[in-house]
Amino acid sequence: MAKPPTTVPSAASPPARLIDGQFSVDITRPIPGAGGGLPAFVAVDRGEGRTGLMAVQVRRYLPVRPLALQTLGGPAFARNGIEELLSPLAYGAAPAPGGEEAGFLICEAPPGPALSVSLRPWAETELLTLVLRPAARALDQLALRGLTHRGIRVDNVFRAGVGHPVVLGCAWATPPAALQPAIAEPPYVAMCHPAARGDGTIADDVYALGVLLLTLALGRVPLAGLSELEITRQKLDLGSLAALVGDHRLGSFLADLLRGMLAEDPDHRPPPALLLDPAAARSRRTAARPPSRAPRPIQIGDMVCWHPRTLAHAVATQPEPGLEVLRTGVVGQWLRRGLGDGPLAVHLEEQIRIRGAMPLPDAPIETEAMLLMRAVAILDPLAPMCWDGLNLWPDGLGTLIAACQDPAVPANVDLAGRVARMISAEGQTAWASHRGDRTDARSPRMDARQLHTLLYLPGPGGGLARLAYQLNPLLPCTSPGLDSRWVAQLAELLPALDAAARRERPVEPVGPAVAGFVAARGDRGLEAAVAQFGNTPGPVGPMAQLRLLARLQARYHPRPLPALGAWVADGADQLLSVFQSRPRRIKLRPKLLELASTGQLTALLTMLDDADTKRNDDRDVQRAARDLALIDSVLVRIGRDGPARAEQARRIGQEVAAGIGLTALATLLMVAALG
Amino acid sequence: MAKRTPTTRAVSGAAAPQGGKASAIGWMQGLACGGLVAVLPPTALLLGALLGPALAALFLDRQPGKPVARSVLLFALAASVRPIRMLWVAGHTMATSIVLATDPDIVGTAWAAAAAGWLLAELTPLAVRIVLEAISRAQATRLLAARAALAEEWGLDKKAAPPG
């Protein structure tokens with residue numbers, strides 16, 4: 001691979017959108033193999049004129065690692081001083097080759113080709129001086145900053161040329177280890193969902209470095225041709241070193257070094273600082289007792305298990321047969337009689353009896369998943385969290401939820417359901433309780449209770465979509481209407497929504513995905529505006545939408561939004577219905593349309609939310625309602641008083657008749673008296 | 001036999017004085033009529049003939065206060081003033097009373113007056129009711145118009161439908 005050009009393109013190049021106000025992406029000049037598994041292009045620093053940069057195109061549902069970007073990139077880039085590493089600089093959106101917008105991570109470009117380009121057996125001296133020491137130095141610096149690399153593999157490590165030290169490639173544009181093959185990762189990481197491997201520890205990088213050393217020592221990738229699952233099973237069954245080395249012979253120095261680096265237990269691997277002195281690292285031998293094999297295996301599904309480690313893996317990956325053998329007591333018998341591990345059998349059976357005998361009400365799936373999770377944690381304390389066939393490290397939960405949002409993968413619906421059930425049952429807490437002092441190393445970023453609370457917040461302010469944005473600060477908005485845009489920050493949201501509304505007049509510009517995005521990224525005021533969307537399915541009222549849009553405009557984008565204004569004008573009658581007085585609505589309508597045409601949503605909201613006007617309207621409507629009630633009561637009385645009026649008419653009529661008769665009598669008597 | 005409750009005893013106790021009062025009035029009316037027949041037989045004969053329909057109305061009218069009979073009686077009495085005066089002018093004899101009581105014009109006039117009294121007692125309530133209903137309808141129409149205007153102006157149409 002040729003080193004990317006070091007000259008700034010001529011001014012005749014078409015104007016490009018700048019990332020971080022400084023970097024442009026030249027999509028006409030791809031850099032094959034440089035992006036650590038992602039497409040990479042030449043990036044140009046138009047601010048400081050830096051050269052040797054690349055832009056790695058980010059996948060929409062595999063978010064960039066924010067901590068690495070914050071710690072190594074931006075203002076910290078100049079002083080991070082890790083020369084053996086391709087450090088990130090900035091992150092932002094730019095036009096991608098397909099014409100749509102995509103996220104790009106600006107990163108240092110590799111100095112030369114990847115080691116995989118010309119793979120050959122390396123001499124031990126070369127390995128130690130040109131690979132181990134520079135990589136260990138980079139890992140040591142990362143560890144000091146609380147970071148991990150999680151992308152060390154033969155095609156993501158580069159060097160400028162023969163005799164030059166290696167440089168670790170870009171591993172920041174995806175979740176940790178998301179693109180790592182099973183061969184490069186410890187089996188307890190490889191068995192996890194690619195998006196759920198978590199940041200892990202620097203010991204995981206040491207393992208990957210060990211695999212790289214072995215690959216270079218052999219001159220070829222070990223276990224090539226085997227499936228990912230088979231590689232993981234062999235590592236668990238035989239131990240990583242034995243599985244990877246196989247029948248090959250290694251020098252004693254390298255073999256001793258790799259024994260430590262490829263240890264199954266992360267605590268047994270040498271730290272990077274120790275690897276800077278390979279002789280010292282070699283001498284540090286932590287005795288890891290190999291798992292004892294039973295004379296007779298136990299069959300779980302299609303897997304033959306000889307020891308608890310493989311048994312735990314079988315139960316974790318095949319939940320249905322695993323659950324069956326756990327409940328029938330076959331596992332306990334095998335542990336006791338076959339393996340001779342009575343205490344482990346007793347512990348496991350206690351847990352099965354206690355937990356299995358007390359199912360959660362109306363939640364059989366959660367009960368079974370919890371039982372499986374506890375069984376795996378007891379059988380193999382090094383294993384990741386296993387929940388209903390899904391294996392993950394809790395610190396990878398956020399990126400897993402982000403990956404679940406991808407609608408192009410049908411299996412994500414089921415996956416999201418399992419994740420939601422796990423959070424609902426707060427499985428992480430139960431898992432952590434079985435790991436003792438190992439929990440701290442991979443503790444979840446957010447407390448399980450917080451996740452549970454966010455999951456069950458009503459409306460679009462809660463749920464997995466909200467969690468995806470909350471746990472992944474750089475995940476772009478995944479709203480279907482914003483497919484062609486890359487909106488990772490709230491400031492970019494309104495222009496994108498306005499552009500989407502210009503293309504097609506929306507029923508509701510703020511869909512559930514957008515609302516969840518705003519709730520996660522915004523302040524309390526915006527979260528409250530999202531909460532007003534309510535928890536009812538179907539379209540949200542235009543007033544709630546306008547309130548959110550106006551607040552966003554006030555905070556992040558004071559410029560006009562004509563297309564969204566046109567949407568407001570379409571729903572003017574509905575918006576004006578906040579006022580109950582028809583004359584008031586008629587009076588305000590022209591003003592509303594005028595503000596809508598100028599795209600000033602904030603002023604529009606101010607008019608509709610004016611406290612005095614609303615107070616007057618409320619007062620007047622209360623008076624009108626009282627008058628209406630009075631009229632209704634009179635009408636009711638008129639209708640109800642029919643019989644009373646009939647009785648009154650009868651009485652009056654009879655009195656009148658009697659009066660006439662009396663008058664006639666009196667008159668005739670007077671006439672008779674007068675003669 | 002069912003045992004009488006205190007309530008039924010109280011009701012029957014209250015009805016007893018009213019029945020006694022009506023009976024006393026009846027006895028007094030009977031005594032007056034008897035007195036009239038005994039003291040002024042010609043007048044009693046003539047009145048008996050002329051007020052026959054009124055007496056029948058008094059018997060038939062079961063309404064409290066006998067409003068129809070009262071009207072019939074007043075009209076019949078008004079029509080009886082002239083024949084009674086003629087009887088007394090003619091010497092108040094039995095023969096004159098019989099002549100007058102059998103005169104179709106006199107009896108017809110008295111009975112027609114009684115009929116007019118009955119008709120008036122029946123029709124006047126109807127006429128009054130028509131007037132009262134017309135007044136109520138006019139008021140309801142006016143109120144409904146006011147209500148519709150109010151509801152339209154304030155958008156209260158859907159919140160409160162008019163009664164009835």
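1. A quick word on terms before we start: helices (H or I, at least four residues) and strands (E, at least two) are DSSP runs, numbered from the N terminus. By that rule, chain A holds 30 helices and 11 strands.

2. Please keep in mind that this is a predicted model, in which local features need pLDDT of at least 70, side-chain atom pairs count only at pLDDT 80 or more, and totals for chains, interfaces and linings use all residues. Residues are numbered from 1 along each chain as its sequence is written, while chains are lettered from A and ligands numbered from 1 in the order in which they are written.

3. The C-alpha trace of chain A spans about 160 × 75 × 35 Å along its principal axes. Its radius of gyration (taken over C-alpha atoms) is 36 Å, whereas a compact globule of 675 residues would have one near 26 Å; the globule rule is 2.2 Å times the number of residues to the power 0.38.

4. In chain A, 47% of the 675 residues are buried, meaning that 20 or more other C-beta atoms, placed from the backbone, lie within 10 Å of the residue's own.

5. Have a look at helix α6 of chain A, residues 228-238, where the buried residues include A:Ile231, A:Leu236 and A:Asp237. Their cover includes α4 (187-190), α7 (240-245) and α11 (308-317) of chain A. Just after α6(A) comes A:Gly239, with a positive phi of about 95°.

6. Chain B has six helices and zero strands. Of its 164 residues, 26% are buried.

Definitions and conventions: A residue is buried if 20 or more other C-beta atoms lie within 10 Å of its own, exposed if 12 or fewer, and partly exposed in between; C-beta atoms are placed from the backbone. Two residues are in contact if their C-beta atoms, placed from the backbone, lie within 7 Å.
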